[in-house]
Each structure stands twice: as structure tokens, then as C-alpha cells.
Amino acid sequence: MRNSERGAWPYLFLTPAIVLFTLFLAVPIGYTVWLAMRRTKVSGLGLGRGARKEIYVGFDNFSAALSDPELWNGWLRVLGYGALVLVVMLGLAVLFALLLDSARVRLARFSRIAIFLPYAVPGVAATLLWGFLYLPSLSPIRDILDIDFLGASTVTYSMANVAVWGGVGFNMLVLYTTLRAIPRDLYEAARLDGASEIQIAVRVKIPLLTPAIILTTVFSIIATIQVFTEPTTLRPLTNTISSTWSPLMKVYRDAFVTGDLYSAAATSIVIAAISLVLSFGFLRVVRNRAFGEG
């Protein structure tokens with residue numbers, strides 16, 4: 001086989017991935033950028049042929065999106081929601097992973113399945129399930145706790161509970177898999193030195209688990225920024241969740257309720273840019289611990 005033919009084979013195997021990437025990622029992104037730089041110009045009353053036409057407006061839509069207080073109010077709500085979700089969800093995931101990796105754990109297989117199972121429930125179904133449990137007329141919890149779970153001061157915690165309930169299992173599985181890959185000799189050496197199980201967990205397991213914790217944190221940050229299912233599904237059950245509660249809900253309203261695709265496209269690009277900044281900013285801060293880079 002000639003060198004030119006041998007060199008073409010890798011590109012042939014990559015062709016399906018390149019085609020899928022182009023059709024379902026590159027083209028939609030390019031079309032979104034194209035829409036974000038255009039706007040509909042209405043002449044007269046907007047009636048008749050040629051009364052509406054699409055014009056190029058440059059970065060005007062981006063300027064409008066960046067100066068929109070509804071977008072930034074949504075970001076503030078999401079940041080508060082995200083801080084709550086990340087701390088509780090990742091904290092529980094680390095705790096469960098350490099407990100399941102303990103030498104004295106019982107029913108480990110059943111426990112893994114039980115913790116992971118909520119993640120297998122679709123987000124909409126899980127949110128509806130919790131939504132019915134939050135409703136005063138249906139919830140058995142309200143008979144015990146006199147709390148309005150869908151009130152203005154508690155609805156964020158209620159949504160965070162749904163996210164934590166569904167997300168702990170996935171992160172636990174990632175962390176537990178990482179722990180199982182660590183050589184058992186390290187633990188035995190620590191026990192010979194007189195370390196207790198708690199000391200082994202804190203001084204041996206968690207430091208070795210740091211890269212995986214950082215990985216799950218980045219994934220969780222991205223998922224939190226994209227929160228949409230929980231507030232959208234709970235919104236019909238209460239009047240405390242606005243149509244722009246999160247940035248993605250604002251994009252949905254602009255695109256499919258008010259019909260302003262151009263503003264929605266610009267806002268979605270702004271959200272993507274902020275997501276990249278937050279994710280890579282976090283990685284830059286912790287990369288020395290995660291990857292040994294300065």
C-alpha cells in the first residue's frame with residue numbers, strides 16, 4: 001500500500017464524526033451567529049408584500065442583550081441556585097463515594113443502584129413528581145412541615161432539591177469509579193502506619209480524588225448554567241417563577257413566545273460565552289491541583 005493511500009485511511013474513519021459535527025454543531029452555531037446579526041425591518045403597517053424584510057444590524061442585538069436587566073437578573077438567580085446545588089450535590093457525591101469504597105460497607109451493590117437510580121429518571125418526570133409533592137393539596141409532606149415549598153422565598157431551594165436528587169448519583173458513580181482504580185496497596189500502607197478509615201479518606205482518598213472532583217464540578221457548572229427543565233416544569237404550579245427566571249428561559253420566551261429569533265440568538269451566544277468563561281476560569285484556577293500545571 002502506498003504512503004498516500006495509507007495516510008487517507010484515518011480521514012476516512014473520521015468522516016462520519018466530521019459530518020455529524022458539521023451538521024449538528026458547526027452549522028447550527030454558524031446559523032445562530034448569522035441570525036444574531038440581523039433583524040426584521042417593518043415598513044408602514046407591516047402589511048403587504050415587502051413590508052417586512054431582514055436587514056443586517058451588526059452587533060446591535062448583542063448590545064441589547066448585554067444591557068437587558070432581565071438577563072442579568074436571571075443570571076443572579078442562577079448563580080444563587082448554582083452555589084446551593086454545587087455545594088450540596090458534590091458534597092453528597094463525595095460522601096457517598098467514600099462510604100461505598102469503605103472496607104466495611106454492606107450492601108454496596110444495592111446502595112450504588114439506589115443512589116444512582118434517581119439520575120435515570122427523566123428531568124421532566126422528576127420535576128413533576130416533586131412538584132406534586134410540593135403542592136399543598138396533594139403533598140403528604142405539608143401535613144408534617146408547614147412550609148410553602150413553592151413560595152417566593154423557598155422555590156429556589158425546591159428547584160435545587162430536584163437537581164440534587166437527580167445529580168448526586170451520576171457524580172457519585174464518577175467519583176466511585178475513580179476510587180476503585182486507586183491501588184489498594186496505598187490503603188494497606190496507611191493502615192499499617194496506624195491511620196483510621198476517616199484519616200485514610202481525608203488524607204489519602206480525597207487528595208487522589210481531586211482531579212475527578214474538579215471534572216465533575218466543571219460538568220455541574222455547565223449543567224447549572226443551563227438550568228431550564230426545573231423552573232419551566234414547576235412554573236405552571238406557582239406564580240413565583242417568571243418566564244425569564246433563568247437565562248435559557250428568556251431565550252425560549254424571546255424565540256417561541258414573542259417570536260424574536262434574532263434577540264434569542266444573540267442572547268444564546270452571550271450565555272454560551274459566559275458559560276465558557278466560567279468553566280475555563282474555574283479550570284484555570286484549579287489546574288495546578290488537577291493536572292499538575294503551573
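Q: Why is Ser220 called buried?
A: Buried means under 20% relative accessible area, exposed means over 50%, and partly exposed lies in between (1.4 Å probe, protein chains only). Ser220 has a relative accessible area of 6%, so Ser220 is buried. This is a predicted model: local features need pLDDT of at least 70, side-chain atom pairs count only at pLDDT 80 or more, and totals for chains, interfaces and linings use all residues. Residues are numbered from 1 along each chain as its sequence is written, and side-chain values use heavy atoms, with hydrogens and water left out.

Q: What does Ser220 touch, not counting residues up to four places away in sequence?
A: Contact means heavy atoms within 4.5 Å. By that rule Ser220 touches Leu86, Met89, Leu90 and Asn171.

Q: Why does Val19 count as partly exposed?
A: Val19 has 41% relative accessibility.

Q: What makes Lys250 and Asp68 a salt bridge?
A: A salt bridge is a side-chain nitrogen of Lys or Arg within 4 Å of a carboxyl oxygen of Asp or Glu. The closest N and O atoms of Lys250 and Asp68 are 3.0 Å apart. The pair therefore meets the rule. Side chains of opposite charge can pair when their charged atoms come close.

Q: Where in the chain do Lys250 and Asp68 lie?
A: Lys250 is in helix α10 (residues 247-257). Asp68 is in the loop between α2 (60-66) and α3. They are 182 residues apart, so the pair links distant parts of the chain. Helices here are DSSP runs (H or I, at least four residues), and strands are E runs of at least two, numbered from the N terminus.

Q: Are Lys250 and Asp68 buried or exposed?
A: Lys250 has a relative accessible area of 3%, so Lys250 is buried. Asp68 has 18%, so Asp68 is buried as well.

Q: Why are Lys250 and Asp254 separated by about one helical turn?
A: They are four residues apart in helix α10.

Q: Which residues are linked in a network of salt bridges?
A: The network links Asp68, Glu70, Lys250, Arg253 and Asp254.

Q: How many residues has the largest nonpolar core?
A: A nonpolar core is a set of buried Ala, Val, Leu, Ile, Met, Phe, Trp, Tyr and Cys residues joined through side-chain atoms within 4.5 Å. The largest has 39 residues. Tyr81 and Trp245 have the most contacts inside it.
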